[in-house]
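Let's work through a few exercises on one protein model. Keep the picture open while you read, and try each task before looking at its solution.

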Amino acid sequence: MVLPILPLIDDLASWNSKKEYVSLVGQVLLDGSSLSNEEILQFTKKEEVPLVALSLPSGKFSDDEIIGFLNNGISSLFIGMQDAKTVDHLVGELNVPKDRVVVEENGVFSNQFIVKQKFSQDKIVSIRKLSKNLLASEVVAEVRTDRPDGLFTTLVVDQYERCLGLVYSSKESIAKAIDLGRGVYYSRSRNEIWVKGETSGNGQKLLQISTDCDSDALKFIVEQENVGFCHLETMSCFGEFKHGLVGLESLLKQRLQDAPEGSYSRRLFNDPALLDAKIKEEAEELTEAKGKQEISWEAADLFYFALAKLVTNNVSLKDVENNLNMKHLKITRRKGDAKPKFVEEAKSEEEKASGPIHLHVVEASDKAGVERALSRPIQKTSEIMHLVNPIIENVRDKGDSALLEYTEKFDGVKLSTPVLNAPFPEEYFEGLTDEMKEALDLSIENVRKFHAAQLPTETLEVETQPGVLCSRFPRPIEKVGLYIPGGTAILPSTALMLGVPAQVAQCKEIVFASPPRKSDGKVSPEVVYVAEKVGASKIVLAGGAQAVASMAYGTETIPKVDKILGPGNQFVTAAKMYVQNDTQALCSIDMPAGPSEVLVIADEDADVDFVASDLLSQAEHGIDSQVILVGVKLSEKKIQEIQDAVHNQALQLPRVDIVRKCISHSTIVLCEGYEEALDMSNQYAPEHLILQIANANDYVKLVDNAGSVFVGAYTPESCGDYSSGTNHTLPTYGYARQYSGANTATFQKFITAQNITPEGLENIGRAVMCVAKKEGLDGHRNAVKIRMSKLGLIPKDFQ
Ligand SMILES: NC(=O)c1ccc[n+]([C@@H]2O[C@H](COP(=O)([O-])OP(=O)(O)OC[C@H]3O[C@@H](n4cnc5c(N)ncnc54)[C@H](O)[C@@H]3O)[C@@H](O)[C@H]2O)c1
Ligand SMILES: N[C@H](CO)Cc1c[nH]c[nH+]1
Ligand SMILES: [Zn+2]
């Protein structure tokens, strides 16, 4: 049972400020008359409340939108008495299961779906009115006890509903648990409130409170921290959880941290191709297995490798369960009603792995579909931080030794020193061809020309009032650390995109960092060539969060830098965000520049091969990249031609496996006009925007949010990646709304100065004194007053 109180979310601002404790109820009712379609979908996507119902006002939402809600996490629809007639339409025509439609009867909603529960109107409480006290009193009012001491029996379980132990609660401990959002109980032995973990350190985050069917026991769902719940230092009072899928998940997480190099687990974690091959092999064996023993054997093997894939990608079993729950909520419309998008979603995983490499198609008018299509395939920051924090802290505290350990662990190379100092030894240039040098030289020169032109040459001076001269002048940031990715591809182009502007801005020390090659522990000669060309003093032979930490805090051999720049995977980006927020690091960053993305706007006359090639050029960066085609008035024939071109070109690419995965979360959005397409793009704020439309140049003025724009059919994005002159380090994840791509100013800071004459002081002095007085800062006021009175500009007794 959940509690009988049902918070009504009729205002998202109140939800945001109270969700910490309101979500302890485990269920909410969204108010369909106050919230928009987008807000409802956004809520179900972002918020992790187990049961979300929606009160559905008649006529506000279309059939497609209602199906969209039910397919995206809404468990039940609450229908007011006055709208009872809409039930026939929902159940009869839209095929909504009866038990998911709850009609008010005599002021009571009787929910039958998942949890059987009756809600009278007075138990549906607006989020605006809910408080911690009200919640605590509702819990206490609901639960009963026949114990002489008046305590309530309380079962404590973890997020997988595994029993951790049995304890007791008092009215006061319940109120304190809700107030702190922690596991708080009543200790019968000490006869006092017991904040779990206060002395042992084994605390608990409180996730949910509920009662049993006859309300004589409470259940606390918690996230157990550290060693475990039991005073004997086991996870539960009934022993450890080392069995089953959850037990295996914990074991694999542990192995990911400490499996020795050369062990089978380490190989699996480090080699995604090997892991995928094992999953395919085991899946095939399961399809062929017969009989109970063989099927359970093969299924167990498949689960093992599937779990290894989850753990390596930081996906938890809980995430999988949430996904299953979401799918369980999905409904299918009656035969003949299904739109192509629903058919597409129903395809089997097997079909997806070997089938055509096609983008999903969604019409711009399908707001929910567009919202889904335009959400980026990224991991939650909190999950990434969880992995990255210990890496950063270790490198900060232990320096080179930790850095070398992580390089061995994540990049598979045992090095004796983590840094290569300039002048770089000859052997590091081996294999560099003249053709390559010329290509790099041409690119360097164009990038230099464009970035040198951005360098301010004069001090900005403005006389804001006679005698008040304000000025602003640039200075280079002294020491910069430039991250050059090297995980799935080596990117010397990034070395030059960062190194050249740093040199143009006259930074005093340029430090490169890039993961070393597994084969020989070196970085590619192309990267070393660029390092030499731009005058880098060092190359840190490390990647990921550990490289970022080494430059942010400095180590025995690596200087601490003032700013870290450069793109990278989610570990790199998360580490940059971390150090930027740590005052101990005193280090800024350029921007969150993560997995590459592109949005192409094309019309009926666009060349399908050009369009497909641009989409694929970014899709091949990584499985977490995303490519979007916004089509303007495209015919069915044109869409098919584009899909065919994507498929045929993709099959020719060596990185087709990466492309296939990227395209599986990439979409064609169909628009009716150019302005609508530009609106869509501004909303997505792509890293790269390509305009393959008639009179493309005329539309640039409508671009509000984008990292870099590529105008016209003969401007492939690849030219900006390498050689045209613009920078390719650009904001992703939608951060183009507030960040610019790397440019010369990214490597500078701007200092302001002012020079005020007695005349100037006369002009602004009284204003300064007036505002300072209001702020109660008399010291400020005095600094002006003393001068003005010495100059005879105000009477000596001026107040
Ligand atoms: N936005 C831009 O301007 C821009 C430009 C170029 C590249 N990119 C993007 O940069 C990214 C480069 O990513 P990449 O992975 O190829 O290279 P990377 O250098 O960013 O990351 C590789 C490093 O990640 C670390 N790592 C890998 N698995 C780990 C784990 N399980 N735990 C902790 N650390 C781990 C390792 O230390 C490894 O050295 C791509 O997504 C690409 O699209 C973006
Ligand atoms: N497109 C990438 C930025 O998202 C940069 C790059 C480097 N090499 C090839 N492409
Ligand atoms: Zn690229």
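**Exercise 1. Which residues surround ligand 2, and which of its nitrogen atoms' partners can you find?**

Step 1: look around the ligand. Ligand 2 is surrounded by Leu491, Ser493, Ser596, Gln618, His621, Glu687, His688, Glu717, Asp721, Tyr722 and His728; a residue is near a molecule if one of its heavy atoms lies within 4 Å of it.

Step 2: look for polar contacts, that is, pairs of N or O atoms within 3.5 Å. Gln618 has a polar side-chain atom 2.9 Å from a nitrogen atom of ligand 2. For Asp721, a side-chain N or O atom is 2.9 Å from a nitrogen atom of this ligand, and for His621 the distance is 3.0 Å.

A quick word on the ground rules: this is a predicted model, where local features need pLDDT of at least 70 and side-chain atom pairs count only at pLDDT 80 or more, while totals for chains, interfaces and linings use all residues. Residues are numbered from 1 along each chain as its sequence is written, chains are lettered from A and ligands numbered from 1 in the order in which they are written, and side-chain values use heavy atoms, leaving out hydrogens and water.

**Exercise 2. Find the residues that come nearest to ligand 1.**

Step 1: there are 28 residues around ligand 1, and Asp411, Tyr483, Thr488, Asn569 and Ser596 come nearest.

Step 2: A backbone N or O atom of Gly487 sits 3.0 Å from an oxygen atom of ligand 1. A nitrogen atom of ligand 1 is 3.2 Å from a backbone N or O atom of Gly594.

**Exercise 3. How do α16 and α20 lie relative to each other?**

Step 1: get the geometry. Helix α16 (residues 400–411) and helix α20 (residues 544–553) have axes that come within 9 Å and cross at roughly 160°. Helices here are DSSP runs (H or I, at least four residues), numbered from the N terminus; axes are lines fitted to C-alpha atoms over the stretch in contact, and angles run from 0 to 180 degrees between N-to-C directions.

Step 2: name the arrangement. Angles over 145 degrees count as roughly antiparallel, so α16 and α20 are roughly antiparallel to each other.

Step 3: list the contact (heavy atoms within 4.5 Å). Leu403, Tyr406, Phe410 and Asp411 in α16 meet Gln546, Ala547 and Ser550 in α20.

Key:
Polar contact = N/O pair within 3.5 Å; in protein donor to acceptor, adjacent residues only side chain to side chain. Helix = DSSP H or I, 4+ residues; strand = E, 2+ residues; numbered from the N terminus. Parallel < 35°, antiparallel > 145°, perpendicular 65-115°, else oblique.
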